[in-house]
Amino acid sequence: QVQFVESGGGLVQPGGSLRLSCAASGMSLSRFSMGWFRQSPGYPREFVARIHLNGATDYGESVKGRFAISRDDAKNMVYLQMNNLSPDDTATYYCNGILSGTTLDFWGQGTQVTVST
């Protein structure tokens, strides 16, 4: 079965950095477009970043220049490097995968990121 497991969330001070990881199993990561989304209570789920099969990336406006998505298909891993964090980045972060050539969508359980003094 396809499974994504996020890790790396936690409490960080404003201006700090955090690196999230998404471990994929039950599939070949090389066949998936991978992304990160986030959600806070009372707000809709927000697009954060996506990395395509060829390595091209897209970012949400609020994180451009601060976040970087990367993938290591050999290790079935996806990462989100988050720098210059602010309290507005506080959310549950979810790993997402779309099977190439389809609209099949898979999600991890999420990892909590809290940016606070």
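Cys-22 is buried, and Cys-95 is buried too; buried here means under 20% relative accessible area, with exposed over 50% and partly exposed in between, using a 1.4 Å probe and protein chains only. Before I go on, this is a predicted model, where local features need pLDDT of at least 70, side-chain atom pairs count only at pLDDT 80 or more, and totals for chains, interfaces and linings use all residues. Residues are numbered from 1 along each chain as its sequence is written, and side-chain values use heavy atoms, with hydrogens and water left out.

Back to the cysteines. The structure holds one disulfide, defined as a pair of cysteine sulfur atoms within 2.5 Å. Cys-22 is joined to Cys-95, with 2.0 Å from S to S. The link is left-handed, at -80 degrees about the S-S bond. What does the pair tie together? Cys-22 sits in strand β3 and Cys-95 in strand β9, so parts 73 residues apart in sequence are tied together. Strands are DSSP runs of E, at least two residues long, numbered from the N terminus.

Next, the sheet that contains β3. Four strands form an open sheet in the order β1-β3-β8-β7, with antiparallel pairing. Two strands pair if DSSP finds at least two bridges between them. At the edges are β1 (3–7) and β7 (67–72), each with a single partner strand, so one side of each has no neighbour in the sheet. From one strand to the next, the twist averages 15 degrees, taken between N-to-C directions of lines fitted to C-alpha atoms, on a scale from 0 to 180 degrees. Residues 18–25 of β3 and 77–82 of β8 pair over six bridges; Ala-23 has Met-77 in β8 as its bridge partner.

Now the core. The largest nonpolar core has 26 residues, and Met-34, Trp-36 and Tyr-93 are among those with the most contacts inside it. Such a core is a set of buried Ala, Val, Leu, Ile, Met, Phe, Trp, Tyr and Cys residues joined through side-chain atoms within 4.5 Å. Its largest share, four residues, comes from β3. Leaving aside residues up to four places away in sequence, Tyr-93 touches residues including Leu-20, Trp-36, Phe-67, Leu-80 and Met-82; contact means heavy atoms within 4.5 Å.

Last, one glycine. Where does Gly-16 lie? Gly-16 is in the loop between β2 (10–12) and β3. Is Gly-16 buried or exposed? At 18% relative accessibility, Gly-16 counts as buried. Beyond four places in sequence, Gly-16 touches Met-82, Asn-83, Asn-84 and Leu-85. Gly-16 and Asn-76 are 27 Å apart, C-alpha to C-alpha.
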